[in-house]
Amino acid sequence: MISFPQRLLEGYRAFTTQRLPTEQSRYLELSERGQSPEVMVIGCCDSRVSPEVIFDVGPGELFVLRNIANLVPIYQPDANAHGVSAALEYAVTVLKVKHIVILGHAQCGGIRAFVDKAAPLSPGDFIGRWMSMFIKPGEVVEQRDHESFQDFVVRIEKAAVFRSLENLMTFPFVRSRVEAGDLQLHGAYFGVSEGSLFVLDKATKEFKSARSVA
């Protein structure tokens, strides 16, 4: 007997009877023509933060990459495997997306483990090593005087968006397209409890409510 998750089977059946009939032509077009999304979203693996749900998009509209704490590493063309860099390379050089959005969020487990200086979860401690690339060599990230722990966590969650945007520009194929005006980089922050979205204002370097953004 197949022990595939029942909830997923039920969801698929609902998809085939409700959503698929209205989007069948779209799926057929995508299968024949291929994908051509204009936007790449780099978000967190957190199950509460689904870009497709937040932005209410249909099939083929977003090229989505999700990892712990929505981090982008620096450009390192070495002999190691780099999943984030591979997805980024494909999106920029093959799909030629016009926008890349770094989507951070509240209550991020990866960021919380980082600020808590949590003990390794395993001998390999994959999460710890992954989160270590968030800071530069010699950089110290600490809670500020008169700053509540909650404010500290939120500040670091948003700082992760800034760091990923900064790291994106270390990739030659990203930088060249940005400088040519063919690619734009964006930051956003999602509040899980309220379902609120904040968009980074590049001029002020502050996150502003998406409701007030034209």
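Let's start with I2, which sits in the segment before α1, the helix covering 6-33. Keep in mind, everyone, that this is a predicted model. With a relative accessible area of 75%, I2 is exposed, because the cut-off for that word is over 50%.

Now for some backbone angles, which I know a few of you enjoy. Take Q107, in the loop between β3 (99-105) and α4 (109-116). Q107 is not a glycine, and yet its phi is positive, at about 55°. Is Q107 buried or exposed, or something in between? It counts as partly exposed, because its relative accessibility is 41% and that class lies between 20% and 50%.

H146 gives us another positive phi in a residue other than glycine, this time near 65°. You'll find H146 in the loop between α5 (126-131) and α6 (149-168). Its relative accessible area is 88%, so H146 is exposed.

While we're in that part of the chain, have a look at S132, which is also found in the loop between α5 and α6. S132 has a relative accessibility of 41% and therefore counts as partly exposed. And how far is the C-alpha atom of S132 from that of F114? The separation is 8.0 Å, with the two residues 18 apart along the chain.

Technical notes:
Residues are numbered from 1 along each chain as its sequence is written. This is a predicted model: local features need pLDDT of at least 70, side-chain atom pairs count only at pLDDT 80 or more; totals for chains, interfaces and linings use all residues. Side-chain values use heavy atoms; hydrogens and water are left out. Helices (H or I, at least four residues) and strands (E, at least two) are DSSP runs, numbered from the N terminus. Buried means under 20% relative accessible area, exposed over 50%, partly exposed in between (1.4 Å probe, protein chains only).
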